Amino acid sequence: MPKGWVERQLDSGRALLLIDGVDELLDRERRAVRDWLRKLLVVYEGVRVVVTSRPAAAGADWLRGEDFTAMHLDRMSPPDLAAFVRQWHQAVRELGEDLPCPVDDLPLYEQSLLTSLKDRPHLQSLAGTPLLAAMLCATHLNRGRQLPRDRMELYRNALHTLVHDRDADRNVPSAVDSKLSLSDKLVILRDLAWWLSDNNRSEISVEQAAVHVGAKLRAMRHLDGMEGGQVLDQLRHRSGILRSPAEARLDFVHRTFQEYLASSEAAEEDRMGNLVERAHLDLWRETVIMAAGHANARQREELLGGILDRADREPRYARVLRLLAASCQETLPMVPDGLAGRLEMPCPVSCPHAVRRIRRRWRRWGRACCGGCRGLWAS
C-alpha cells in the first residue's frame with residue numbers, strides 16, 4: 001500500500017468506511033470509539049461510514065449527534081440467500097487446489113445447497129445472517145454436501161472444520177506433527193472463551209493469553225512439555241478461530257464462536273449458577289441460550305428454573321428473563337416436564353394496546369407466544 005493511500009482515499013470522499021463489532025466492546029470502550037469516529041468525521045467530512053452493532057449495545061441514539069441515521073438489518077430473504085450462495089461459490093473458485101473438491105464440481109455443490117435450502121425451510125431460517133450463511137456454505141462444501149440440522153450442529157461442525165478437520169484432511173504438516181487432538185484444541189479454546197466472557201472482554205493480549213493457555217496445559221498431563229506460547233501460536237495460525245485484531249492482541253474471529261465455546265465450557269464445568277446470575281445481561285443472552293443446548297437434564301432444570309425464579313423475584317427484569325427462558329427452547333433437545341408450563345408465555349391479545357405493540361415485534365415474540373394470537377396478526 002503506498003504511503004498515505006488511506007488518508008488520500010478518505011479525503012477524496014470516495015471511500016466507504018465499515019465499522020463492525022461495536023457490540024463486542026465494553027461500554028467505556030464504545031465511548032472511546034464514538035469519540036474517535038467524531039474526530040475522524042471532522043477531519044474527513046466527505047467520508048461515508050456504516051457502523052454495525054447489536055441494537056442493545058448501540059441504540060438508535062448512539063450516533064445521532066453525528067448525524068447518523070439508524071437502521072435495522074433485516075434477515076436475508078430466500079432470494080437474498082440464493083444470491084449469497086451463488087456469489088459465495090463463485091468467490092471460492094479462486095482457492096483452486098485448496099478446495100476439498102474439484103473446481104469443476106462447484107456448480108453441483110451450489111445447486112445441491114440451493115435445492116436443500118428450498119426443501120428445508122428451517123435451514124433458510126437458520127442462514128438468515130451472512131455469518132451463518134457462510135458457515136452453512138463452508139460446512140456443505142467440506143462435508144460432501146451434508147447439511148447440519150440446527151444452529152448448534154452448524155456451530156459444532158464449523159468449529160470442527162476450522163479448528164482441526166480442514167488441516168488434518170489435507171495432511172498439513174503442522175496438523176500431522178502436532179500432539180494436539182481436536183478435543184485438546186477445543187478444551188483450550190473453551191477455557192479461553194469462558195475467561196474472556198467471564199471478565200466481560202472480547203480480546204486479550206497475546207502475552208496474557210499465552211500465560212493462560214500455559215496454566216491450562218499444566219492440567220493436561222498428556223501434553224507435558226508443550227508451552228502455552230507454542231500452542232497459542234498454532235491455534236492462531238491454523239485454527240481460523242483466533243485472530244490478531246491489532247499488534248500483540250488476540251480475539252475470536254467472531255463473537256458467536258466465543259459465545260458457543262463459553263456455553264460449552266459452562267456446561268462442562270457445571271457453571272449454571274453463573275449463567276443464571278447474568279441472564280438479564282444482553283452480552284450473555286446467546287451464551288445462555290446455547291448453554292441450554294449443551295447442558296444435561298439436571299443442568300437444564302437448574303438453568304431454566306433459576307432464570308424463571310429470578311423473573312418471579314425481580315420484576316425489573318421479569319420480561320427479559322421470561323423471553324430468554326422461552327428462547328432457550330430453540331436449543332433444548334427436550335423440555336423438562338416440570339418447566340413446560342412455566343415456559344409458555346401468556347398470550348397478549350386480550351389487550352388491544354398490547355396487540356399493536358406486539359405486532360411490531362413479531363419475530364421476537366413469534367416463538368415465545370403461546371400461539372393464540374397468530375391468526376389475528378395474520379389477518
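## A mostly covered helix

In helix α16, the buried residues are Ala 318, Leu 321, Leu 323, Leu 324, Ala 325, Ala 326 and Ser 327, where buried means under 20% relative accessible area, exposed over 50%, and partly exposed in between (1.4 Å probe, protein chains only). The helix spans residues 318-327 and is mostly covered, since seven of its ten residues are buried. Helices (H or I, at least four residues) and strands (E, at least two) are DSSP runs, numbered from the N terminus.

## The model and its confidence

This is a predicted model, in which local features need pLDDT of at least 70 and side-chain atom pairs count only at pLDDT 80 or more, while totals for chains, interfaces and linings use all residues. Residues are numbered from 1 along each chain as its sequence is written, and side-chain values use heavy atoms, with hydrogens and water left out.

The mean pLDDT of the protein chain is 82, and 85% of its residues reach 70 or more; pLDDT is the predictor's confidence in each residue, from 0 to 100. Among the elements of the chain, helix α13 (residues 272-278) has the highest mean pLDDT, 96, whereas helix α20 (residues 374-378) has the lowest, 36. Over residues 361-379 pLDDT stays under 50, and the model has 32 contacts beyond four places in sequence for them, a contact meaning heavy atoms within 4.5 Å. Residues 347-355 also have pLDDT under 50, with 14 such contacts. Where pLDDT is low, the predicted coordinates should not be read in detail.

## The chain as a whole

The protein chain contains 20 helices and five strands, and 44% of its 379 residues count as buried. Of the contacts with a separation of 6 or more, 65% are between residues 24 or more positions apart.

## A buried glutamate

Glu 265 is found in helix α12 (residues 255-268) and counts as buried because its relative accessibility is 2%. Leaving aside residues up to four places away in sequence, Glu 265 touches Arg 190, Asp 191, Trp 194 and Arg 271.

The structure holds zero disulfides, a disulfide being a pair of cysteine sulfur atoms within 2.5 Å. Cys 101 counts as buried at 7% relative accessibility, and Cys 137 is buried with a relative accessible area of 1%.

Met 1 lies in the segment before α1 (5-12), and Met 1 is exposed because its relative accessible area is 77%.
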